[in-house]
Structures are given as C-alpha cells and as structure tokens.
Amino acid sequence: MGKDVAPGSFNPRDRGRYRRKVQRCLDTLARMLSDGSFSFPRKHIGLEVELNLVDEAMRPSMSNAAVLDTLDDPLFTTELSQHNIELNVPPRPLDGDSALRLEQDLHAHLDKARAKAGQAGSLIAPIGILPTLRQEHFDQKWLTNSARYSLLNDQILASRGEQTLLSLEGSGLAGKPPERLRSFADSILPEAACTSVQLHLQVAPEEFAAHWNAAQCLAGVQVALGANSPFLLGKALWHETRIPLFLQATDTRPEELKNQGVRPRVWFGERWITSIFDLFEENVRYFPGLLPETDDEDPMEALESGEVPKLTELRLHNGTVWRWNRPVYDVVDGKPHLRVENRVLPAGPTVVDMMANAAFFYGAQRALAEQERPVWTQMSFQAAEENLYTGARNGFDARLYWPGVGWVPPDELVLRVLLPLARQGLRDSDVSTDVADRYLGVIERRCIARRSGSTWQRESVVRAQERGLDRDSALVAMLRDYLQLAEAGEPVHEWPVA
C-alpha cells in the first residue's frame, strides 16, 4: 500500500495505459480466484501502528527523518507528515499464545522508539489525533519528503479543485453545548492527524466475504469502545474524530460531485459482498487512478507461465481507495494470499488496550463469520454504516442497532452479546485461554467503567479548565499526563483523572 512512485507528473497517455493495466490485473485476479491459486496454510495476523512525534512542549515535532535515521530499523517507516512514523509488526500466527508474544514485541519496539526519539529531542505519542495540532501544522511544507506523498497531495487537490474544508460539529463536553469546527487547509495534511492501528487477518478466498461482512458489522462497536480522538484544532468534536476527518481530508469531490452522489474515496461501501472480487471490481469501476504508474509485467502472461503475478497497478490503486475494511492482495515468499485490513481503530492509548481491541475484533469477527444465520442477513448495510458514524460521534453514549437486540448502548451490546461471541471465536481459532482471559477481560472492564481513551481525554480537559486553564493549556496538560500513563502501561479504564 505504501509503495513509492517515481517523481513527476502524469499525462493522459499514462492514465489510459494505467486504466487498461488495472483491468488486466483485475481479470488476472478473477482467474486466480477461479483456479484456486491462493496459499492458506495457517491463519496469520499482522498489525501496523501509526505514531505521533511531539517535543517537550507537547507540540508536533517535525523530526521523523531524524528519528528514523536514529532508529535504523526497517520495521519503522515514514508517514504522510513529518511528525508521524509507522511501526509495521511482522505477521505471525493467530493461535496459541502468539498474542502474548506480540504484546511483548510491541512493548520492545515502542521502548526502542521512545529511546531513539529522545536522542532526536522528540517523544512518542500513541494517540488517535494529536490534540495540540494547530492550523500551521497543515502547511504543505510539512509533508514528508517523498514523491508518493507529494504526488498524492497534488492529485487529490487537483481533483477537488479547491482547498480542503474541515467542517465538523461535535458531541459536547459534560454540561456544555456542542462545539463546531470550520477550517480550511491547502494540503491533505489533515489526513496525517489521523493516526490509527490497522489489523490484518489472512483468510482463505472462500472465507473472505464472510469475514469482511462481519468486520463491517463490528465497525461501529469498535470505534465506540476504542475511541481515542476527541480533539482537533482546539475543539472537542466526535469521540472518534478520525472517522469524519479522514473522509474530509482526502475527499476528491467538490460540492457539485457530492450532490451528484459520486462516491468518496474514504468509503464504508454500499453492499454486502459475496467475494473479494466484488471490492476490487468496485474500486476499478468507481474510482479513477490517482497515481497512474505502470510496470512492465503482463499479469495474465505471468500467471499462465507459472509465475505469481504482482498485480502492481491493482494494489497501487487499492491503496488510494481508503475503505474502513480494505481487501488486500499480497505476495510473500513467492506465494499469493488475501487479507482483510481493518482500519477503523485509533492508535493507543496503551499496548494492552491495542491488544485487547485486536483480540476482541479477531474473536468476534471469526464467530460472526461462522454463524449459521449471519448477522448481515438480518440487518441492512445502511444500518451497519450508520452504526459506524453513530459510534464514532458518541462513543459509549451511542445507540447502535443489532439484530435481535434493537437499539442498544455499545457497552451493553458487548457485555450481553459480543464478548461471549468473541471468546468463542478465539477458542475456535485455537487461541489460548490465557490470551482470551487477558484481553477480553480488558474489554469487559472498559465497558463496565465506560472509560475509553476519548472519555479520559475529555474528562481531563474539563477538569483542567475547571482549575482555570484555558483550552490550549488544558490540552497540553492533558497530553503530558496521557504520555506518562501510556508509557506506564496500565489499561485506560484504570487511568486516574488529575
């Protein structure tokens, strides 16, 4: 997804060549699915964590080049803004005690990142949106020095033909009216404010549709439980402001195209699917290429000669359609496989919180995918989409729809319905009881306390302002406490409010 591209601009001939090549890749994928060309020896998981860099004053530190140079670790890479880096954890099996080892590895990687960032004068902040971001941090000069990011910025802005508009109304702080944000940016850097955890699950082709549909059903619950992005540009907005912010920051549509019903590139989708092919085919049919670069491979000829096709253009195109649950085609050690990439969750607050979110997702997804009467046959696709936005806006105060239950708060839905399913799903995936108890126990106690990263942030800022701090100073004080508690490692439902 993060493949770099050659610097320079694209001409109409490039776009025509790219369109034909993407269609050729799509035809090749269809042949591979029909012929059973995919490897699936064992279910593997993967995880990516996007991180913020801040200075001692808690402001964004535009130092990712220096930090990455000091780290000198291929698991860490750039992200869109100079105040971001990304950690890509090597994939591993889901079963047994693998998750416990993953937790240990995450601690080790983040401890190393903190130490090396400190040498460059920066601190690591695992949080959904850095609350101390200001308008000046969206200036185009802060784009990471990469041809891919520059071209992506230029192509999105050229497609839209106007500045990025950020227009949001939030869920009010305790006893306060909702706050509103209306701001413009001359780059796509507001996207860089959205730092996430991306969960990958390798699945067999015949199981993909059920797992993707299940992931769509869970998206609203995930963001309600895991919300950690309540502040943007000094305003208290949605509990998980990443969801609308990402949509607006990368929108290629001016108002007229929105009014015509043209689909956004940050997309929940519009229907349940029967095959992974449905998603790739929609991407090709609905979205023009943003980075129309081609290689010399003929994927169909490669397949017919016994080679594994790279499908380079299809994968590059897929990386510029930001579905909340994205299909992934990849080749590892010469073998092709398919993955569901879950993209709804924010980074942080702690390693154990991120692991708990992952275990809940993998377990519940497996159980829902294998139900005799799938839940997506009992609810509309639009209801699942509405759950996503309602959960993101209101967090634990949301009312989500679930078949057989009706409209219910997310904590009640999880405690009554989804936690038992998640436990069963982990058991069916041969995950150890110790793993299930540790991480699902965190989810259970979070629901009982009704305390997410977002609720903690909001309460902390309210308390700070009651002590006489202005909003800006309150956000700085809150973030300073947040980083100390995040590094200490206790799950967020146990965090005190100063």
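Which helices each supply at least two residues of the lining of the second largest pocket?

Modeller: This is a predicted model, in which local features need pLDDT of at least 70 and side-chain atom pairs count only at pLDDT 80 or more, while totals for chains, interfaces and linings use all residues. Residues are numbered from 1 along each chain as its sequence is written, and side-chain values use heavy atoms, with hydrogens and water left out. Helix H1 (12-35), helix H4 (147-160) and helix H8 (276-286) each supply at least two lining residues; a helix here is a DSSP run of H or I of at least four residues, a strand a run of E of at least two, both numbered from the N terminus. H1 gives the largest share of this lining, 4 residues. A pocket is an open set of points on a 1 Å grid over the protein atoms alone, where a 1.4 Å probe fits, with protein on both sides within 12 Å along at least five of seven lines; lining residues have an atom within 4 Å of a point. The space in the second largest pocket is about 370 Å³, a volume being the space filled by probe spheres set on the points, which are joined across faces, edges and corners. Its lining comprises 22 residues, and Arg265, Phe287, Pro288, Gly289 and His317 lie nearest the centre. By class, 11 of the lining residues are nonpolar, 5 polar and 6 charged; Ala, Val, Leu, Ile, Met, Phe, Trp, Tyr, Cys and Pro count as nonpolar, Asp, Glu, Lys and Arg as charged, and the others, Gly among them, as polar.
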